[in-house]
Every structure is written in C-alpha cells, then in structure tokens.
Amino acid sequence: MLLKETGLTTQQVIDLTEKYMIETYARFPFVAERAEGIYIYDTEGNAWLDFYAGIAVNSCGNCNPVVTKAIQEQAGQIVHTFNYPYSIPQAVLAKFICETIGMDKIFYQNSGTEANEAMIKLARKYGVDNFGPNRYEIITAVKGFHGRTYGAMSATGQPGSCIHKGFEPLLPGFKYVEYNNLKAWEDAITPNTIAFMLEPVQGEGGVIPAKPEFLQGLRDLADKNNMLLCFDEVQTGWGRTGAIMAYMGYGVKPDIVSMAKAMGNGVAIGAICATAKAASAFGAGAHGSTFGGSILNCAASYAAVTTIVGEKLYENAAVMGDYLSDLFAKMPHVKDVRHRGLLVGVEFDAPKGADIKHGCVDQKMLVTAIGTSIIRVIPPLVITKADCDECAKRMTLAVKEAYGE
Ligand code: PLP
C-alpha cells in the first residue's frame, strides 16, 4: 500500500497508529513504504541503510525478487486450506529443510515464540510419555530469550525484566542456569529434568556465542541422562552465524531445533525440526495450528531457504561478519566486539547504547540497542564490504555524536 493511494499524509499515518494501536514498540521516526536489498524507503523519499533486517529476518535482502515472485505466484494459485489436504509447498519445503539440516521431521508454526512453544511441548510430552508424569523440567539459560507467549516467556531466563514483570505466575518447570558454565548445567539436572533448551548464540542477551566445549558438553550430558538437547535457532538459523544452522557450525546436533525469522524472509513462518525419536512424542491431536504451514508461507519460505543455501549466503555472512567486526573494533569507545557471522554485538565503554542507536538514526541507518551499552548489528546476509564500510562510517559518526565529540 503506497501513501498516495490512501490520500493520507505521513503525519496522519503516525497519528492513526498512535490513536488506534496498542503501542509496545519504540518506533523509528519514519513511515516505511517500500524496500529493496539493504535499503528501506520512507514516505518522504529517504533511503535508510538497513542493518537490522527487521530483527534478523530479511536475510536474502528486502523484497528479494525470488521470494517476491514465489509469493505472487502462490497467491494466485491457492493461499490457505488448513492442514487437512496435502500441500505441495509444505512437502517440498519439509524435504528440503530436513535433508539440508540433517533432521528427520518438521512441524510448521507461524513465529519464533510459537516454534518454541512446540519445542517445549514436544520435549515435555517426550519426557512424560517415556519416563513418567514428573519428567517435564527444562533447564534454560540466564539471559536467554525465547519469546513472549507463556511457555517461551517462562523459558526466558530474565526474571525481573519487562518480559516477565506483571505476567507472573509463569509456567512452572523451568530452571535458569548460567550460560557457558557446563558444571552449573550438570549440577542443575534432577531426576525430573527432560531437556536443555538454549540459543547457540544468545542474541537478545547481548550477543554471546556459546563456547564449543559448552555445547558439546551439553550434548554429552543429555545423552548420558536420557535427556533432549533443544536449540532455539529462531535468530541464529538459516545462515545468520556463518553456517546454515548455528549447530552445524559448532558440529553439535540437537534433538529438537526451533526456527523462524530468516526462514520466511519476512513472511510469518516458524517451525521445529526433530529427530525421529523426539518427534515420535507428537501423534494425532497432540498439537496443531490453523495457519502453521500455510501454503502461501511455505512457498515463500521455500524460496527463502533455497536462496540462502543456493547462493551460499551463510558463507558471505561468515566473511562479512569478520570484516565488519574488525571495522567496529577500530571505532572509538568500543570495549568489546562479539560476533558469530553477521550476528554482531558492539559493546561500548559507557551506557550510550540508546544514544548511539539514535545517532545511527540521524545517519539514516537502522541498528538495534540491547541493554544500556550494546549495539546489535544484524543486516541482510547479502551485504558487501562496501556496505560494511558505509555502516562503520555512519556508526563512527553516531558514536562521536553520542559522546559529544
Ligand atoms: N527466540 C529467539 C532466540 C529470538 O531472538 C526471538 C525473537 O527475537 C524469539 C525466539 C521470538 O520470536 P518471535 O518474535 O518470532 O515470536
């Protein structure tokens, strides 16, 4: 929908939003109208350098022509039927994903948090079915983030944060343990524990990559204790970290993995994939979703994931992630740069995160801030070195502005 087709002004769009929407978001100060590649164009004709990709979603680039064509063609054929008839996009996408990431089965959802609900439900049902009614506890990570629905929110190890506050009592059965501390995870296991659930790289928690020996240690502990290893790859999946799935880069295979974001390049789709053993806990009637696996979204997702794999965008993410992180490390006031592929966190030496984010907005560049002093940079995976240079140039100006230099 273009502004001129509505007869509205830019300010009227903002006013309507504020009047009629329940607002929980800190908005960027523009109305997005169209997008292409690594740029978003607003209603006033400005181009915004997109280094947040709709929060790690538009990995193939905004309005990637292959994905757009798939959406357009599918929309003219059949959009939605619910999961009673078999569907061609569902089937070809299932085969491609399972074979590409070495999993046996997939269940489609609509978002990251829903994928995590499915992962939690599958793990708990597996525990209860195989080991008895008390075997449902899941150990998750302090500072982890898994979503905003009740199960995923309860799995999120951020007590006292705005994610939990006011929503207690949460779903019981979760225990939060320090990330990257294998001994603590081992000590937290009880006879009722069925699973470990964590992000291979903590995103919202400050861009903290797992140590390889931590993930391998969890795999070994899960095997030894008849438990499941569950990875939340909603943010890290589909190329972001320099491997197709982050676990493939680490060489540690989970029993269940959740995914969303880049899987649809902007179309709302999520999923879990599981080994046949874990997947066997779901039978007829155990779980369901009206829109999960919608034909339109599966067609778009097939275009997105085959583009990420076919064009080796994960390899570009690895190269550009190193290049961009080196540029960031040379900027003033940087305390630490952590990254895996193009999931990059820049930590500053003072609580200037919000100021730097706003300074980037002044430079017509979009990034996100985490906590008080971290800027997270999660661009489309199609960026070039020249794009990285431009990003570092604009960010440096934003840093100087934030520090009053
Ligand atoms: N899990 C992780 C690791 C995420 O980063 C996010 C969103 O940022 C979610 C789950 C929730 O996904 P969604 O917003 O699609 O529900």
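Here is a short tour of this structure, stop by stop.

Before you click, note that this is a predicted model, where local features need pLDDT of at least 70, side-chain atom pairs count only at pLDDT 80 or more, and totals for chains, interfaces and linings use all residues. Residues are numbered from 1 along each chain as its sequence is written, and side-chain values use heavy atoms, with hydrogens and water left out.

**The ligand**

Start by selecting the ligand. Around it are 13 residues, and Gly-112, Thr-113, Asp-232, Gln-235 and Lys-261 come nearest (a residue is near if one of its heavy atoms lies within 4 Å). By class, that shell holds 2 nonpolar, 7 polar and 4 charged residues; Ala, Val, Leu, Ile, Met, Phe, Trp, Tyr, Cys and Pro count as nonpolar, Asp, Glu, Lys and Arg as charged, and the others, Gly among them, as polar.

Which helix gives the most to the shell? Helix α6 (residues 112-131), with 3 residues. Helices are DSSP runs of H or I with at least four residues, strands are runs of E with at least two, and both are numbered from the N terminus.

Now zoom in on Thr-113: one of its backbone N or O atoms lies 2.8 Å from an oxygen atom of the ligand. A polar side-chain atom of Gln-235 also sits 2.8 Å from a ligand oxygen atom. The protein covers 81% of the 390 Å² of accessible area that the ligand has on its own (Shrake-Rupley method, 1.4 Å probe).

Cys-360 is in none either, with the nearest cysteine sulfur, in Cys-391, 7.1 Å away.

Move to Phe-82, in the loop between α4 (65-75) and α5 (88-101). Its phi is near 65°, a positive value in a residue other than glycine. Asn-226, between α9 (212-224) and β10 (228-232), has a positive phi too, about 55°. Then select Glu-168 and Pro-169: the peptide bond joining them is cis, with omega near 0°. Most residues other than glycine have a negative phi, and most peptide bonds are trans.

**Last stop**

Finish at Ser-373, in the loop between β16 (368-370) and β17 (374-377). Is Ser-373 buried or exposed? At 13% relative accessibility, Ser-373 counts as buried (buried is under 20%, exposed over 50%, partly exposed in between, with a 1.4 Å probe and protein chains only).

Key: Disulfide = S-S within 2.5 Å. Polar contact = N/O pair within 3.5 Å; in protein donor to acceptor, adjacent residues only side chain to side chain.
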